[in-house]
Amino acid sequence: MLTDALIAGLTLGGMYALLAMGLTLQYGVARIMNLSYGELLVSGAFAAHWLFTVAGIAPLAALLLVVPAAFALSWLIYRVLLTPLVRRAPNREALEVDTILATFGLLFVVQGVLLVMFGGAYYSYSFFAVPVHLPGATVAANRLLALGFAVVVGALLYLGLTRTRLGTAIRAVAVDPVAAQLVAIDVRVAAAFAFALGGGLVACGGVLVSMFLTFNANLGVVFTMKALIVVIMGGVGNLLGALIAGLILGLTETFVATWIDPGLTLAATYAIFLVTLLVRPQGLFGIGRR
Amino acid sequence: MASITRRMAVALLGGGLVAAGSAAAQDMKSVKIGYAISKTGPNAGGANVTQIPNYQLWVKEVNDKGGLMLSSLKRRVPIEIVEYDDRSNSEEAVRAFERLVTQDKVDLLFPPWGTGLNLAVGPVFNKYGYPQLAFTAVTDRAPDLGKRWPNSFWLLGTSAQYVDALVGLLTKMRADGKINDKIAMVSIADGFGIDLSKAAREGFTKAGFKLAYDKSYPIGTQDMSPLIGEAARSGADSFVAFSYPPDTIALTDQAKIASFAPKVMFLGVGVGFPLYPGRFGANTEGIMSLGGWSRDNKATAEYREKHKAMHKRDPDYWGSQVGYSSLQMLEQAIERVGKIDRPAIIKELQTGTFDTVLGKIKLRDNMLQEGYWLIGQWQDGFYTGVAPARPGAAPVIVPKPAWK
Amino acid sequence: MLEVSNLSVAYGAHRAVDEVSLMVGPREIVVILGANGSGKTSLLKAIAGIQPATPGAHIALGGRELTRLRADQIVEAGLALVPEGRGIFGELSVEENLLLGAFARRARAGEAANRTRVLALFPRLRERMRQEVRTMSGGEQQMVAIGRALMSAPDILLLDEPSLGLSPLLCGELFTAMTRIADAGIGVLLVEQNARRSLAIADRGYVMANGRVVGEGQAVALRTDPAVQRAYLGVAGGSG
Amino acid sequence: MTPRRLIVSAAAVVAVGLLACVPLVFGGYGLSLAINLMSYTVLATAWALFSGPTRYVSLATVAFFGIGAYTVAVFGEVFAWPVVLVIALAIGVVLALIVGLSTLRLSGVYFVIFTFGLAELVRQLVTWYEVNVTRTLGRYVFIDVTTAQIYWQLLALAVLVFIAGILIRRSRLGLALRVIGDDETVARHVGIDTTRAKVTLFALSAAFITVTGAVMAPRWTYIDPAIAFNATVSFQVLIMALLGGAHRLYGPVLGVVPLALLFEVLTANFPNHFSILVGAAFMLVVYAVPRGVAGLIEEGRGSLRGPRRGLST
Amino acid sequence: MSSALLAVSGLSRRFGGLLAVDDVGLTVEAGQIVGLLGPNGSGKTTVLNLISGALAPDSGSVMLDGTPITGLAPHRIARRGVARTFQIVRVLRSMTCHENVLAGTAFGALGSWGPAARRSADDLLARLGLAGRAATPASALTYIDQKRLELARALALAPRLLLLDEWLAGLNPTELTTGIELVRSLRDEGLSILMVEHVMDAIRSLCDRCTVMNVGRVIADGPPDVVLADPEVVRAYLGSDDA
């Protein structure tokens with residue numbers, strides 16, 4: 001029963017972490033509080049669904065199409081819609097408010113397009129839904145795959161951001177965009193790259209979760225909020241933080257569901273989140289700003 | 001002359017109104033029907049499967065015939081539709097229906113989706129005297145509501161009806177020695193799940209069943225493995241879930257992954273949705289839920305074909321046919337009255353007998369009392385009605401076959 | 001050789017910098033003196049490209065026009081600024097700050113040599129390589145800032161009030177370091193409040209008031225100029 | 001009283017008098033629309049009462065609004081209407097005090113997300129309580145309050161919230177809040193009890209929001225947590241107040257009226273493309289009206305003192 | 001020294017593993033200017049933060065005129081008569097100069113409000129040479145004027161003790177002379193001042209006493225000429241050539 005809950009919690013947490021990594025890049029590095037984040041995730045899920053049911057392309061192969069497309073789309077969004085806001089913002093707070101408002105608008109636009117294309121109905125398909133027998137527990141292969149992706153992608157990104165000059169440059173942009181220019185970093189390109197990378201990541205998450213979650217065009221906000229909670233719990237801009245916060249949330253949910261009451265899982269999530277914020281306002285692994 | 005009685009005055013006034021109304025009716029170009037429904041928001045998933053397709057199908061069919069036959073005009077009058085999105089929000093819904101009645105001056109209204117919104121707009125329907133044929137609301141207050149708002153009709157009935165039918169089935173299986181007396185029950189923490197689980201708790205206990213596991217889970221729960229794990233460990237032969245579509249699918253998925261194959265597997269909304277067999281194929285065999293269809297009912301089969309032709313997908317197996325039937329009832333009531341006289345239409349709906357895809361229907365206490373399936377089961381790729389016991393009821397398959 | 005002519009910076013109607021011209025040669029230390037609000041910081045920012053200049057300005061480095069370039073391209077062209085408040089990446093380590101200093105393509109080839117030079121200049125950074133910069137003292141942070149700027153292999157280094165907030169001891173070390181930087185062939189343009197010390201190490205100086213250059217000359221001459229003495233060297237002339 | 005102030009006061013009295021006549025002139029839909037405008041006016045103005053000067057962006061609006069509505073669902077048929085409103089008010093204020101004391105040291109986006117989480121937490125807890133303790137989810141509210149009465153109550157609330165706003169602005173508390181909004185550290189060091197000032201305002205703002213929820217509840221007959229704690233309310237209030245300009249007392253109204261009417265027109269005419277159009281309109285507003293409508297008016301008058309969106313430093 | 005206006009003893013504060021302030025004691029007699037010196041990172045600003053209540057000490061006590069104020073909230077300490085300025089100047093940017101000063105008047109020791117408060121705010125602006133700037137937004141001021149405004153706001157609290165954190169830093173010699181005169185005149189009016197400062201000229205000409213810190217500890221304390229000649233102070237702080 002313990003291993004069962006543990007493994008279920010880890011897979012759920014892995015999914016949360018996967019969902020949050022893109023946002024931590026977009027918010028932590030590109031400084032865009034992207035409220036339309038979940039919509040892009042749902043778009044990824046729809047794309048995978050469409051490719052699978054209509055074109056017969058397996059979701060894992062679909063990643064090769066969807067992720068670059070989402071990367072390109074996000075790049076475009078950043079350059080066309082967000083650059084003017086970045087340029088006119090006198091400081092970080094003003095940019096935060098402006099981007100919250102602008103991406104809130106974007107949320108409706110994307111959702112509206114999805115509604116026109118797919119309607120409001122639920123979508124679901126089955127792929128890789130085979131049981132994997134682990135010692136002490138049985139899990140769905142597709143969920144395990146999502147966990148694996150979260151760990152691998154998280155580790156790769158972490159290494160990339162800390163061990164390479166380019167990655168360090170991206171973190172420098174997060175710390176101080178003005179000073180970053182003074183070491184010859186083209187901040188516009190670096191921020192756009194981080195934002196687009198975040199977009200690619202979230203679409204990847206969308207494709208993966210579409211294999212086991214039932215979704216419709218209205219579900220984006222749910223994912224945005226979950227991702228936000230993970231990002232803030234883990235510390236903004238901190239990939240490992242997102243991974244660990246995701247796992248903590250996942251474990252909390254399954255433990256509460258198993259031993260206390262499934263009715264309190266979401267309440268427990270929020271309670272943990274709120275307590276974390278109160279004890280460590282900068283998140284588990286964040287650095288206090290201001 | 002000072003002794004004109006109040007009754008006379010009312011009659012005079014009324015006459016004047018009727019005269020004015022019929023003058024307008026003479027050049028009536030269309031029958032305006034309005035509705036606000038959740039095209040967006042959390043309700044959209046349900047509204048898009050069970051409700052909107054039926055509205056579109058019925059309107060198209062009637063207009064293809066030339067419209068509603070209004071004998072007072074001696075001609076058919078086509079239907080014109082005004083539709084809004086209530087965004088799954090009660091206040092939006094109330095205002096949208098107010099707008100439909102007072103601004104768009106529609107002749108009739110279609111109901112919104114779900115228990116909450118149907119109740120929210122109930123006072124508006126009632127205040128302006130429009131018939132409200134709610135077919136996606138399950139509430140224990142249905143009998144009271146029918147009395148409080150005589151213009152309202154609650155076609156899906158009460159949770160007690162469904163639970164009674166389910167308890168009946170399970171009791172018989174136990175008597176036949178096919179299942180033990182333990183039941184594992186989970187329910188969504190929403191009006192639907194709570195009403196049904198409350199009734200079920202009482203019903204099961206009274207019938208001598210033991211609830212080995214009994215929990216609710218919040219809307220938006222993304223992982224069902226703890227629930228399924230606990231249910232499997234509870235030793236119950238019967239698993240009952242009063243769930244919403246995403247959870248219904250997740251529960252099925254997880255049960256399959258965990259190789260949890262209870263002898264009775266009863267799930268909530270979504271089992272009858274077209275995407276369910278699309279997703280699980282042969283694995284649906286033996287799964288039970290609310291609603292159900294008659295395999296040998298020609299009208300039903302015909303409706304199914306029409307729906308499929310228009311929307312490129314099947315209707316759902318629970319609310320859809322009830323919904324379509326309610327529209328047929330409305331059509332027949334209007335044509336019998338012969339004009340858009342709402343009090344008369346309401347009266348006809350209360351008392352008349354109607355010919356629908358469900359068969360002959362007569363409402364009692366503003367509710368659909370019989371003639372439709374409460375419990376159904378996937379049998380050989382068809383979601384067939386198994387309870388209540390009436391002609392056409394298929395024998396229940398127990399135990400549910402193992403997962404493939 | 002940095003040549004600036006006709007440079008103006010405007011905030012709305014207010015002209016913070018008004019048609020300034022100046023030049024800095026290789027191996028030369030040039031100091032800009034002026035009261036607070038006389039436009040010195042805006043001038044440096046405009047040269048470095050993080051503050052837009054009004055049209056008509058000319059900024060050239062070794063004959064190459066910098067005027068239309070972005071800040072990052074200007075660094076690439078060989079001009080580095082250590083801004084007021086240091087502008088270091090507080091949440092990154094010393095090592096990472098220096099690594100980023102060499103982000104410019106021009107700096108890659110000589111990165112190792114530059115690093116050796118910076119560490120020779122500021123030996124105490126060597127033992128702090130893995131430390132997060134924000135946890136270091138003000139003086140050490142200033143060393144990181146200057147070191148990072150030097151890592152981009154600049155031809156010209158701009159320093160905005162580097163001694164602000166430093167103790168007298170560190171201040172002394174800093175001015176010594178500046179001399180050694182110039183000796184290595186880099187032109188240094190310095191904005192300083194500490195006129196006495198900066199004129200002591202400078203070759204030439206400019207005096208700014210209300211956004212304009214109102215005086216210039218050899219450092220030796222400025223040191224003895226009565227007007228400069230009165231305004232910038234103070235009357236309470238004692239020293240420790 | 002200066003003549004100008006006299007004129008403004010007289011105009012305000014006349015305006016309130018005219019607004020009070022709305023239910024006598026418009027019925028049905030017109031009144032519904034007026035209720036919508038009036039309720040969002042109270043909500044957005046009350047929101048800006050706290051968030052405008054302090055620059056704490058709260059998404060907890062619906063937590064308080066929902067509590068108001070739910071109180072009516074629970075006690076609506078038990079007590080007389082004024083008693084119900086007082087109970088709602090008390091619960092709202094108590095929650096605001098608890099939340100305020102524990103959370104107001106968070107800043108920026110952390111506070112935003114915290115308040116959003118709070119609304120969800122309250123919703124989850126109410127749900128859990130109803131499911132496991134009362135075993136009913138979804139309560140029926142059959143109270144004899146007419147639509148016109150709802151409107152008048154909202155109008156009264158609107159008048160009160162404006163009076164409160166004016167009084168605060170002129171008071172020492174108002175100055176304290178603006179100092180906090182600019183620099184909280186400085187505020188503390190000039191002797192301002194920042195916690196008390198913020199919590200007082202937060203509770204006052206929450207009180208108005210809670211009572212608005214209570215007043216609106218009888219319109220829906222049926223209340224469950226999903227209806228009462230619908231997060232879109234929080235977002236809508238935020239957006240309206242920011243569009244109008246949260247740094248002015250009259251700012252939020254300038255956002256409420258155009259946005260509510262825009263939503264109305266779009267939802268009536270483009271039910272299938274509502275989302276796209278609203279989103280596009282929204283983004284247009286962000287790009288074209290960066291300082292809120294109040295900011296536009298100030299620009300027109302040539303004064304540029306208000307900060308962008310009343311939130312930035 | 002029970003007669004001291006400010007008496008700090010045994011003050012310690014730890015940040016994580018770092019002991020930023022270690023058993024610090026110092027006093028400010030009524031009507032004195034005391035200089036708090038030391039290398040960067042030696043804990044001077046932390047001491048000011050501990051006195052003004054921005055931080056709570058781990059141990060030790062702070063007495064103001066014989067009453068303990070240790071660990072009180074900053075607003076309480078401010079109301080008891082301790083005003084401060086900040087190392088990096090902090091004005092209320094979106095408010096006018098007048099409102100900036102009014103913020104001090106309204107919540108300080110006097111807590112006055114209304115016409116009298118507005119008058120005294122205007123008087124203070126005039127005193128610091130900002131007479132014509134009452135309606136100007138603080139953000140539009142130059143650096144030196146912002147420093148003046150910040151001091152005016154601190155004085156508006158009607159403090160008994162003024163904490164200046166590098167208030168003279170960044171001023172050119174002319175401005176410095178004016179600044180020194182201003183601080184001296186405040187002392188002459190009976191205000192006690194504790195100032196963190198690197199400008200030696202100011203220290204020599206203003207301070208009655210100096211306390212020097214290094215790595216969180218007090219290494220010297222006494223009259224300026226004695227302290228500044230102390231070999232340990234020279235080694236740790238001044239350096240051998242302060243040319």
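User: How many of the contacts in chain E with a separation of 6 or more come from residues 24 or more positions apart?

Analyst: In this predicted model, such residues account for 65% of those contacts in chain E. A contact means heavy atoms within 4.5 Å. Local features need pLDDT of at least 70, side-chain atom pairs count only at pLDDT 80 or more, and totals for chains, interfaces and linings use all residues. Residues are numbered from 1 along each chain as its sequence is written, chains are lettered from A and ligands numbered from 1 in the order in which they are written, and side-chain values use heavy atoms, leaving out hydrogens and water.

User: What is the secondary structure of chain E, and why is chain E called as compact as a globular protein of its length?

Analyst: Chain E has nine helices and 10 strands, where helices (H or I, at least four residues) and strands (E, at least two) are DSSP runs, numbered from the N terminus. The radius of gyration of chain E is 18 Å, close to the 18 Å that the globule rule gives for 243 residues, so chain E is as compact as a globular protein of that length. That radius is taken over C-alpha atoms, and the rule is 2.2 Å times the number of residues to the power 0.38.

User: What makes chain D as compact as a globular protein of that length?

Analyst: Chain D has 15 helices and two strands. For its 313 residues the globule rule gives 20 Å, and the radius of gyration of chain D, 19 Å, is close to that, so the description holds.

User: Why is Met283(D) called buried?

Analyst: Its relative accessible area is 9%, and buried means under 20%, exposed over 50%, partly exposed in between (1.4 Å probe, protein chains only). Met283(D) therefore counts as buried. The residue is found in helix H14 (residues 274-288) of chain D. Not counting residues up to four places away in sequence, Met283(D) touches Leu81(A), Ala102(A), Gly105(A), Leu106(A) and Val109(A).

User: Is Cys207(E) buried or exposed?

Analyst: At 8% relative accessibility, Cys207(E) is under the limit, so Cys207(E) counts as buried.
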